[in-house]
Amino acid sequence: MAVSLILTEQIIKLFIILLLGFLLVKFGLLKASDSKSVSVILVYLILPCMIINAVQIDYTPQVRTGLIFTIAASVIVHLIFIAATALLKRLLGLDTIEQMTVIYTNGGILVIPLVQAMLGDDYVIYSCSFIVIQIILLWTHCKQKLCSGQKLELKSIFLNANMVAIYVGIILFFTQIHLPDVIGGTIDMLANMVGPMGMLLAGMAISEVPLKHVFMTGRNYLVVLLRLFVYPVIILAVFKLSGAAGMIPDGKNILMIVYLACITPACATVTSMAQLYDSNAAESSMFYVLTTICSIISMPVMIFVYTMVI
């Protein structure tokens with residue numbers, strides 16, 4: 001229950017930041033269109049810094065085992081999400097933004113601050129596995145969907161700032177090169193902005209969407225139900241039946257990091273990419289805000305269930 005209370009407190013803090021972003025636009029200090037500039041900062045500066053910063057730790061056999069374990073778990077999770085969405089697309093008539101909303105979670109923005117608060121800095125490295133797998137899919141699968149099936153350019157995929165950050169992070173981690181304090185400290189400061197900046201972006205983007213449309217459209221709650229409850233329950237069942245938590249030392253806590261990424265609200269990066277590629281960012285922002293609000297209740301509940309079941 002203590003874990004659930006920590007989660008609730010952290011989510012409420014982030015939601016308050018979202019509200020501040022909303023008010024900045026409503027009071028005329030910023031325009032909703034300014035959120036596109038925030039998206040560029042988030043996607044091309046802050047997220048790469050977050051990736052590099054997370055791997056600035058000592059390499060040990062235990063860390064190696066945990067990383068292999070979480071990478072495998074993260075790949076399986078995403079394959080399940082994509083397969084389930086392909087099936088539900090036909091059954092429920094999900095549009096592109098709805099599909100991306102239920103597949104991609106806010107693991108990159110929410111999980112690191114939550115893991116720091118719940119388990120400590122030593123566990124942050126394991127959250128990178130889910131983030132790396134998701135970033136690769138965001139810039140391949142998600143980008144292609146948002147760009148209406150346009151042919152993917154390998155250069156734009158493998159040389160974008162996030163992928164380059166992954167390459168740099170891998171090199172630094174395995175060579176055990178630790179950045180000088182001035183550079184490392186700067187990257188750390190930027191990395192710590194990921195949660196607040198993502199929530200500010202959502203608040204700004206949603207300001208142009210009528211709140212009545214956000215909360216009074218029944219269809220929206222189908223997406224919320226899938227993202228916050230149905231998909232997490234599926235993953236919990238897979239983890240339980242496979243006995244994954246018992247496969248490595250401290251497996252329950254390490255697996256909980258992957259599960260935590262699975263139960264987070266809609267991905268802020270999808271909203272950012274929708275802004276960048278003019279693909280209905282308002283709808284994406286709407287789902288982002290609604291799932292974030294509902295996650296104040298759903299995430300503590302799902303983590304509590306995890307601690308009882310696993």
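1. Cys-262 is buried, with a relative accessible area of 0% (buried is under 20% relative accessible area, exposed over 50%, and partly exposed in between, using a 1.4 Å probe and protein chains only). Its sulfur sits 13 Å from the closest cysteine sulfur, that of Cys-267, which is too far for a bond. A search of the whole structure turns up zero disulfides, a disulfide being a pair of cysteine sulfur atoms within 2.5 Å. Cys-49 is likewise in no disulfide, with the nearest cysteine sulfur, in Cys-128, 13 Å away. Cys-49 is buried too, at 10% relative accessible area.

2. A quick word on the model before going on. This is a predicted model, where local features need pLDDT of at least 70, side-chain atom pairs count only at pLDDT 80 or more, and totals for chains, interfaces and linings use all residues. Residues are numbered from 1 along each chain as its sequence is written, and side-chain values use heavy atoms, with hydrogens and water left out.

3. On to charges: the structure holds one salt bridge (a side-chain nitrogen of Lys or Arg within 4 Å of a carboxyl oxygen of Asp or Glu). The partners are Glu-98 and Arg-219, whose closest N and O atoms are 3.0 Å apart. Glu-98 belongs to helix H4 (residues 96-103) and Arg-219 to helix H12 (residues 218-242), so the pair ties together parts that are 121 residues apart in sequence. Helices here are DSSP runs of H or I with at least four residues, numbered from the N terminus. Glu-98 counts as buried at 5% relative accessibility, whereas Arg-219 is partly exposed at 33%.

4. Have a look at Glu-283 as well, which lies in helix H15. Glu-283 is buried yet has no salt bridge, and the nearest side chain of opposite charge, Arg-219, is 7.2 Å away (Lys and Arg count as positive, Asp and Glu as negative, and His and the chain ends are not counted). Beyond its neighbours within four places in sequence, Glu-283 is in contact with Asp-95, Ile-97 and Glu-98, contact meaning heavy atoms within 4.5 Å.

5. Helix H15 spans residues 281-309 and also holds Pro-300. Pro-300 is buried, with 8% relative accessible area. Between Pro-300 and Gly-108 there are 18 Å in space, C-alpha to C-alpha, and 192 residues in sequence.

6. The largest nonpolar core has 104 residues, and Tyr-104, Tyr-259 and Leu-260 have the most contacts inside it. Such a core is a set of buried Ala, Val, Leu, Ile, Met, Phe, Trp, Tyr and Cys residues joined through side-chain atoms within 4.5 Å. Helix H6 (residues 124-146) gives the most to this core, with 13 residues. Setting aside neighbours within four places in sequence, Leu-260 touches residues including Leu-7, Val-111, Met-118 and Ile-303.

7. Of its 23 residues, 18 are buried, so H6 is largely enclosed by the rest of the structure. H6 bends by about 40° at Leu-138, the bend being the angle between axes fitted to the seven residues ending there and the seven starting there. Just after H6, Ser-148 takes a positive phi of about 60°.

8. Most residues other than glycine have a negative phi. Gln-176 is not a glycine but has a positive phi of about 55°; Gln-176 sits in the loop between helix H8 (161-175) and helix H9 (181-191) and is partly exposed at 28% relative accessibility. Asp-250 has a positive phi too, near 60°. Asp-250 is in the loop between H12 and helix H13 (251-262), and at 29% relative accessibility Asp-250 is partly exposed.

How values were computed: Helix = DSSP H or I, 4+ residues; strand = E, 2+ residues; numbered from the N terminus.
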